[in-house]
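Reader: Got the model open. Can you walk me through it, starting with a pair of packed helices?

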Amino acid sequence: MISILSPINTIDEIYELKKAGAGEVYCGYVPDYWKDLFNKVLDDKEGSYQVGINKRDVSRANIADYSSLCKLLDLAEQMEIEVFVTLNAAFYPFQAYQVMDRYLEELSEAGVRNVIVSDIGMMQKIKTDHPELKLTVSCLSQVMNMYSVEFYRQFSPRRIVFPRHITVDEIVKIVSRFPEIEFEFFLFSDKCIYDDGNCRCHHDIGTICMDVWNTDVYVSPYASQSYRIDETDEEAFRRWTRNYGYVGGMEDRTFGNIGCSLCALPRLVLYKNINSIKIVGRGKATRIKVQLVELAAAALKLAENNASQNEMKAFIRERLPLNDGMCESNRYCIIR
């Protein structure tokens, strides 16, 4: 059975998210000692640096403190909701590893059993030193094929999260090959021109990835095509990366830069080891999360009742009319 995985950053949200249909929640937790060590300018001869723990280090995007984390876990257990804690920084330097044992022990003592991780060294550390924590391989690990899954199997993952920009055919091939592993994919996400393994964004300082860019795309060993954003293409680029204007009072329902893969559901619900559909939004308003979970629950019910892809597209056009071309344009589609 597929669960809906929702972001959460305050304890009170769990009641509304459960009512909306969430069976799982994920959150960040940044302790004070981590902030004291890494998230301020150090006025000494060793210089200064900043180390993120989960790509959403601002206070509003995380559970506030250890006691709140413990309370959230207690409530979640009573409500039969699973909690996943994010440790999905792309990497951790040596200084961070020196304090990570304390952090991981705190998670275990609080009752955390699931962690979402990107850094390979951290995966090995958890497997070796904290086997009580079940590993979820983050979307930032860019699992795009069966060889990637074979590599990450050495860390005994419970679950692997697919990156946003992966096709349904690619997902089907992978989940069919590894029926013993759980998989998760994004249902609603922020729009982004980059796939997760090539993310150029640092959320704490803004979307620097929205700069005009140049890149080469190699489509075969013998050919490449240059994609350059110039004055004539810049507006199309901005339309993909920036928020859209709201339509029909939608500011009370969701956020304007949403990306969607809802029409993939009818095909993917057929696979028993696709266990979770994910919604982004750590730090977003509660009403946004609740509305997206409600949409996901309604869409999942349709898919489980054998709705066609066209019926799913009609559903999303009606329920989420953000702008023209909702399903006709790649600007909204995560899984193309």
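**Helix pairs**

Author: Helix α10 (residues 286–304) and helix α11 (residues 309–319) pack with their axes 11 Å apart, at an angle of about 160 degrees. The model is predicted: local features need pLDDT of at least 70, side-chain atom pairs count only at pLDDT 80 or more, and totals for chains, interfaces and linings use all residues. Residues are numbered from 1 along each chain as its sequence is written, and side-chain values use heavy atoms, with hydrogens and water left out.

Reader: How are α10 and α11 oriented to each other?

Author: They are roughly antiparallel. Angles under 35 degrees count as roughly parallel, over 145 as roughly antiparallel, 65 to 115 as roughly perpendicular and the rest as oblique. Axes are lines fitted to C-alpha atoms, for helices over the stretch in contact, and angles run from 0 to 180 degrees between N-to-C directions. Helices (H or I, at least four residues) and strands (E, at least two) are DSSP runs, numbered from the N terminus.

Reader: Which residues make the contact?

Author: From α10, Leu295, Ala298, Ala299, Leu302 and Ala303; from α11, Met312, Phe315 and Arg319. Contact means heavy atoms within 4.5 Å. By class, the contact of α10 with α11 has seven nonpolar residues, no polar and one charged. Ala, Val, Leu, Ile, Met, Phe, Trp, Tyr, Cys and Pro count as nonpolar, Asp, Glu, Lys and Arg as charged, and the others, Gly among them, as polar.

Reader: Now α4 and α5. At what angle do they cross?

Author: Roughly 50 degrees, and the axes of α4 (residues 94–110) and α5 (residues 120–129) come within 12 Å. α4 and α5 are therefore oblique to each other. Tyr97, Met100, Asp101 and Leu104 of α4 meet Gly121, Met122, Lys125, Ile126 and Asp129 of α5. That contact has five nonpolar, one polar and three charged residues.

**Single residues**

Reader: Switching topic. Where is Ser138, and is it buried or exposed?

Author: Ser138 sits in the loop between β5 (134–137) and α6 (146–152). Ser138 counts as buried, because its relative accessibility is 1%. Buried means under 20% relative accessible area, exposed over 50%, partly exposed in between (1.4 Å probe, protein chains only).

Reader: What is Ser138 in contact with?

Author: Asn88, Ile116, Val117, Ser118 and Val161, leaving aside neighbours within four places in sequence.

Reader: And Leu73, where is that?

Author: Leu73 is in helix α3. Leu73 is buried, at a relative accessible area of 11%. Leu73 touches Val83, Ala110, Gly111 and Val112, not counting residues up to four places away in sequence. Val83 is ten residues from Leu73 along the chain, and their C-alpha atoms are separated by 7.0 Å.

Reader: Which loop holds Glu80, and what is its phi?

Author: Glu80 is in the loop between α3 (66–78) and β3 (82–87). Its phi is near 60 degrees, a positive value in a residue other than glycine. Most residues other than glycine have a negative phi. Glu80 counts as exposed, at 68% relative accessibility.

Reader: What about Ser156 and its phi?

Author: Phi of Ser156 is near 55 degrees, again a positive value in a residue other than glycine. Ser156 lies in the loop between α6 and β6 (159–161).

**Whole chain**

Reader: Last one. How many helices and strands does the chain have?

Author: Eleven helices and eleven strands. Of the 336 residues, 51% count as buried.
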